[in-house]
Amino acid sequence: MTTYLNHFIGGKLVEGESTRTSPVFDPAKGTVSKEVRLGSVADVDSAVAAAAAAFPEWRDASLAKRQSVVFTFRELLNARKSELAEILTSEHGKVLSDAAGEIARGLEVVDFAAGMPHLLKGEYSENVSTGVDVYSVKQPLGVVGIISPFNFPAMVPLWFFPIAIAAGNTVVLKPSEKDPSAANWLAELFAEAGLPDGVFNVVHGDKEAVDALLEHPVVKSISFVGSTPIAKYIYETAARNGKRVQALGGAKNHMLVLPDADLDLAADAAVNAGFGSAGERCMAISVLLAVDTVADELVSRIAERMSTLKTGDGRRSCDMGPLITKVHRDKVASYLDVAEADGATVVVDGRNPDVDGEPEGFWFGPTLLDNVPLSSTVYTDEIFGPVLSVVRVSSYAEGLEIINNSRYGNGTAIFTNDGGAARRFQREVTVGMVGINVPIPVPVAYHSFGGWKESMFGDSKAYGPQGVHFFTQEKAITSRWLDPSHGGINLGFPEHD
Ligand code: NAD
C-alpha cells in the first residue's frame with residue numbers, strides 16, 4: 001500500500017485538491033518510501049487563507065505568550081531530535097551524526113528566536129521638539145512564505161520560521177519535494193508546543209505551488225533557499241508581485257591554502273568540508289586553491305585521508321551517505337568524464353565506491369581532481385556532490401583573484417598561520433562568509449547567514465539581526481499630547497522648536 005504525505009494546513013493534515021504526487025526515495029536503498037502530494041493553486045490558497053485567518057490573534061498574542069510557545073517548541077525539539085535525525089537520514093541520506101548536526105544548528109535559531117521580546121524592542125527619542133516624542137516599533141508583516149531546498153530539510157526551514165513566528169507572523173512553508181517529511185514533523189511538533197492552528201502551515205509541491213505562493217496577493221514576503229537559477233527567478237517574480245524577498249542561491253566555495261599553513265589541519269579541513277553530507281552543502285568546499293610549493297604534499301595528505309572514509313547507509317556508522325537521487329548521482333558522475341576530457345587528473349575516483357549499503361542506493365564515492373582548468377565546467381558549475389577540485393596557484397594574489405572572479409560568493413576559507421595575510425584576505429575577498437582556518441564558516445544564529453554575488457538576491461540575509469529585520473516592518477510614531485499652546489494655523493512643513 002502506498003503511503004501519502006499530506007499537507008499540514010490549519011493545524012490538520014489534509015490531502016488537498018491536487019491529485020499529482022511525487023515519489024520520495026530512501027537514497028541508501030534506492031526504494032520509494034512514500035508519495036508526497038504536490039499542491040495546486042487551490043491548496044496554496046487554502047494554506048494562505050488559514051495563515052491569514054490566524055494572523056490577527058497571533059500578532060496580538062503577548063510577547064510573553066509567543067515566547068513561551070517558542071520555548072516549549074525548543075524543549076520538545078531538543079528532547080525528540082533523534083526522531084527527526086532518523087527522518088532526515090531516511091529521506092536525504094546524510095549520515096545520522098550529520099543529521100544531528102543539522103538539527104543542532106537549527107536549534108540555535110530557535111534559541112535566538114526565543115529572545116524575540118528583546119529583539120523587537122524599538123527606539124525612543126524623548127522631546128525631539130518641545131512636547132513631542134518619536135519612537136519606532138517593529139511589527140510583523142502578516143503571512144510569510146518560505147521555500148526550502150532538499151539539502152537541509154530541517155535546518156533551512158529552521159533558519160526562518162522560528163524567527164518569523166516569534167515576531168508575530170504566520171507562515172506557509174513549501175519544503176523540497178525530495179525530502180518533505182521533516183517539515184510536517186516540525187510543524188506538528190510546534191502545534192504540540194501550543195502554537196495556534198494556522199500559524200504554521202506546510203504545503204508540499206513543486207513549481208505550481210511555488211508560483212502560487214509567489215503570486216498570492218496576501219503573501220507579504222518570500223524567503224527562498226535553493227539553486228541560483230531558481231533563486232533569481234524567485235527574486236524577480238516575487239518582487240514583481242510586490243513582495244519582500246530574500247533568495248539565497250548556489251555556491252562554489254574556495255579554500256585557499258598558503259604555504260605556511262599547518263598542512264595536516266588543512267588536509268583534515270578539506271576532507272571534512274569537501275565530503276561531509278556527500279558535498280551536498282551550500283557551504284561545502286568544492287575548490288581547493290593550493291599554492292604550488294605545498295600543492296603536491298597537500299594533495300597526497302588529502303588522498304591518504306580519503307582512503308579511510310567509509311561510504312554507505314547513514315544508519316550504519318558510515319562517514320558519507322548516498323546522493324539524493326539517481327539522476328543527481330549520474331549527473332555528478334558525468335563531471336568525471338568532463339574532468340578527464342578537460343585535462344584534469346583524477347587522483348581519487350568515486351565512480352565505483354565500496355559501500356556498506358544496498359546496491360541500489362544512489363552511491364558516489366569521495367572524488368579528488370587535481371590540476372582542474374578554470375575553463376572547465378568542473379570548475380565553473382556547482383556540482384553539489386563529493387568532488388573536490390584542486391587548482392594550483394602561484395601566490396596569495398592569484399588565489400584571491402580566482403575567488404573574486406567567481407560568480408558565486410557564498411563562503412570561503414583561508415588556511416594560514418600569517419595573521420597579516422588572513423586579515424588582508426578578510427578585507428579583500430568578495431564573499432559573504434569567510435573562514436580563517438575554519439572551512440565551513442556558517443555564522444552562529446545571532447549573526448546572519450548569506451552570500452554575495454549570485455549566491456544571494458535581496459538585501460536581508462537569513463536569521464540573526466537581518467532575519468529579524470526581514471520579518472518585521474518598522475513603524476515610526478511622532479506623538480504630542482495636546483495642550484492649548486499647540487493651536488494655530490501653519491501650512492509649512494513641520495519643523496522643530
Ligand atoms: P532547487 O533550486 O532545485 O529547489 C529549491 C526549491 O525550489 C525547492 O523547494 C523546489 O521545489 C523549488 N523549485 C525547483 N525548481 C523550481 C522552479 N522551476 N520553479 C519554482 N520552484 C522551483 O534546489 P535544491 O536542489 O533543492 O537544493 C540545492 C541547491 O540549494 C544548491 O544549489 C545549493 O547550493 C543551494 N543551497 C543554498 C544555500 C544557501 O544558503 N545559499 C543553502 C542550502 C542550499
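A: K81, L84, A85, L88 and T89 of α3 meet L96, A99, A100, E102 and I103 of α4. Contact here means C-beta atoms, placed from the backbone, within 7 Å. Helices are DSSP runs (H or I, at least four residues), strands likewise (E, at least two), both numbered from the N terminus. The model is predicted: local features need pLDDT of at least 70, side-chain atom pairs count only at pLDDT 80 or more, and totals for chains, interfaces and linings use all residues. Residues are numbered from 1 along each chain as its sequence is written.

By class, this contact of α3 with α4 has seven nonpolar, one polar and two charged residues. Nonpolar covers Ala, Val, Leu, Ile, Met, Phe, Trp, Tyr, Cys and Pro; charged covers Asp, Glu, Lys and Arg; the others, Gly among them, are polar.

Now the geometry. Helix α3 spans residues 81-91 and helix α4 residues 96-114. Their axes come within 9 Å and cross at roughly 120°. Axes are lines fitted to C-alpha atoms, for helices over the stretch in contact, with angles from 0 to 180 degrees between N-to-C directions. The angle makes α3 oblique to α4, because under 35 degrees counts as roughly parallel, over 145 as roughly antiparallel, 65 to 115 as roughly perpendicular, and the rest as oblique. The crossing is right-handed (near helix turned clockwise from the far one by less than a right angle; anticlockwise is left-handed).

Helix α2 (residues 63-79) packs on helix α7 (residues 181-192) at about 125°, with axes 8 Å apart. So α2 is oblique to α7. This crossing, too, is right-handed. F73, L76 and L77 of α2 touch L189, F190 and E192 of α7. The contact of α2 with α7 holds five nonpolar, no polar and one charged residues.

Then the sheet. Three strands form an open, mixed sheet in the order β1-β5-β4. Strands pair if DSSP finds at least two bridges between them. β1 (4-5) and β4 (21-26) are the edge strands, each with a single partner, so one side of each lacks a neighbour in the sheet. β1 and β5 (residues 31-37) run parallel, joined by two bridges. L5 stands opposite V36 in β5.

Last, the ligand. The shell around it has 27 residues; the closest are P149, G226, S227, G250 and C282. A residue belongs if its C-beta atom, placed from the backbone, lies within 6 Å. The shell divides into twelve nonpolar, ten polar and five charged residues.

Notes
Contact = placed C-beta atoms within 7 Å.
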